[in-house]
Amino acid sequence: MTGTPFETALNARADEMVEACTRCGKCVDICPTTGPAGVRDAAPEHVISGVLDVVRFGDGPEASKAWASGCILTGDCITACDYGVNPRFLLAMARVALAKRTVDQRQRRKRGIENFRAVADGVNVLARMQLSDEELARLGQQVTDRLQQGSTAKPDERPDFVFYTGCNVLKTPHMALLALDIMDALGVTYRVMGGPTHCCGVIQLRTGDTEVSGRQATNSLDKLAEGKSGVISWCASCHVQFTETTIPTVERLRGARPFEMTPFMLFLASRFEQLQPMLKKHVPMRIALHRHPGVKGVVEAATSLLQMVPGIEIVNLGQPAVGLMSNSLNALPEYKRGLQRAELEAAAAAGVDALVAIYHVDHRELCAHERDWPFRIINILEIVGESMGLHHDDSFKRLKIMQDADAIVSDCRDLIAVHKIDPAIARDVVVKAMLAEQPLPLTGSLHALGAQR
């Protein structure tokens, strides 16, 4: 098989995993979305056998293709396997194989470029509509030569960590700024990297362009290998892309792992003893945690962190915890809307003060619902920050609740002028990258919602 060295190593990893798989079907049996994906009635052993055929040959039974296409990256399949196989990785490789079989290379590359540009435009414009040059520089974004770019280490020293934001958290920058404030309080040095110039390559992988995905991810990986103690990741999809696709493939090519990557919540968990005395302010709130368990240990760490905040009461809504982040459920849109609707209804019935998300994507999709429901929708770091005396305004939520592109652009006109953004481009980005990202439509009011039932 021809291809770049990265593609050759990636394919070799997939081939080895195919050979290691015993086709027992445990991964299918434990998957929470076989029903929504339409494969509940298929034998689990036949489904996984067909997935292996897709990985090898680019085609297989319809049930196997449906399961691969409907994967929401929950990751239960990984822990279910007794043989060291990562079924989530195999499903990603199956989707790549399907794309390569059904879409020609030129079109796959075109789609990858278009999707990347859409993300880059959304990130760059929305971040600049909310942040000053100094704040952008703190988040590692190039603004002017005179501003230090996102590093708290001395110029001649390596930082303790690289804090890798990924791209899209820059749309909701108050989260990333709070994360930096907390690291400052913990006394660790770091350099911030992220944004479109440090793409993880997942956008290109989703279109089946493994060549560009590998090149982009490897370039970013080499930039990230600066921290003495590794990389702290924020974005779950970037984390999975690096830890399950890029880093193991580069290790195979180079004979060594370039670094270890730790999710931000697990980094905080490793410092709970140091962090707990800083959580001084009483924050009297009944909250429910919006949960996605795709990165092992993150939900548990978040729960423990919230329990450390004086005054917080956590209410279990009894809702399913599935997927990697909210956007991973895009593979099953009706199922996703049903989950979001049920969670909002359960939160209202439980009388919580806030529905609390961990990840930026979840917040972007849910936050405008605050307009219509009797509770706030916030990020976990807003609670931690309040207890520590830290705060950054959630401009994204305030703007999205307006639900009016012209009003949003007008509200941000000063920063649009400062950053020399064409107002027409700003409006287009607001429509496409903010207002259109609303999987469950807003209801208009609680009264209107009740009338629809």
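In this predicted model, helix 1 packs against helix 11 (residues 210–224) at an angle of about 105°, and the two axes lie 9 Å apart. Helix 1 is therefore roughly perpendicular to helix 11, because angles from 65 to 115 degrees are counted in that class. On the side of helix 1 the contact is formed by Phe-6, Glu-7 and Leu-10, while helix 11 contributes Thr-210, Glu-211, Gly-214 and Thr-218. By class, the residues of this contact comprise two nonpolar, three polar and two charged.

The model holds four cavities of 30 Å³ or more. The lining of the largest cavity is made up of ten nonpolar, three polar and one charged residues.

The second largest cavity contains about 90 Å³ of space. Among the residues that line this second cavity are Cys-21, Thr-22, Arg-23, Cys-24, Gly-25, Lys-26 and Cys-27, together with Ile-48, Cys-81, Val-85, Pro-87 and Leu-90. Helix 2 and helix 6 (87–102) each supply at least two of its lining residues. Eight residues of this lining are nonpolar, two are polar and two are charged.

Cys-31 and Cys-200 are separated by 169 residues in sequence and by 26 Å between their C-alpha atoms.

**Backbone with positive phi**

Arg-23, which belongs to the lining of the second largest cavity, has a positive phi of about 65° although it is not a glycine. This residue sits in the loop between helix 1 (5–20) and helix 2 (26–30). With a relative accessible area of 29%, Arg-23 is partly exposed.

Gln-403 likewise is not a glycine and has a positive phi, of about 55°. Gln-403 is placed in the loop between helix 19 (395–402) and helix 20 (405–411). Its relative accessible area of 31% makes Gln-403 partly exposed.

**Buried residues and their contacts**

Which residues does Cys-199 touch beyond its neighbours within four places in sequence? Cys-199 is in contact with Phe-116, Tyr-164, Gln-204, Gln-216, Ala-217 and Ser-220. Cys-199 itself lies in the loop between strand 2 (190–193) and helix 10 (202–206), and at 2% relative accessibility it counts as buried.

Not counting residues up to four places away in sequence, Asp-181 touches Arg-138, Leu-390 and His-392.

Leu-126 is part of helix 7 (residues 105–128). A relative accessible area of 1% makes Leu-126 buried. With its neighbours within four places in sequence left aside, Leu-126 is in contact with Asp-121, Lys-171, Phe-396, Val-429, Val-430, Ala-433 and Met-434.

**Separations in sequence and in space**

| Pair | Separation along the chain | C-alpha to C-alpha distance |
|---|---|---|
| Cys-199 and Ile-72 | 127 residues | 21 Å |
| Asp-181 and Phe-259 | 78 residues | 24 Å |
| Leu-126 and Gln-142 | 16 residues | 15 Å |

Notes:
Residues numbered from 1 in each chain as written. Predicted model: local features only at pLDDT ≥ 70, side-chain atom pairs only at ≥ 80, totals over all residues. Heavy atoms only, no water. Helix = DSSP H or I, 4+ residues; strand = E, 2+ residues; numbered from the N terminus. Buried < 20%, exposed > 50% of the residue type's maximum accessible area, 1.4 Å probe, protein only. 1 Å grid on protein atoms, 1.4 Å probe; cavity = no way out; pocket = protein on both sides within 12 Å on 5 of 7 lines; lining within 4 Å. Points joined across faces, edges and corners; volume = space filled by probe spheres on them. Nonpolar A, V, L, I, M, F, W, Y, C, P; charged D, E, K, R; others polar. Axes fitted to C-alpha atoms, helices over the stretch in contact; angles between N-to-C directions. Parallel < 35°, antiparallel > 145°, perpendicular 65-115°, else oblique. Contact = heavy atoms within 4.5 Å.
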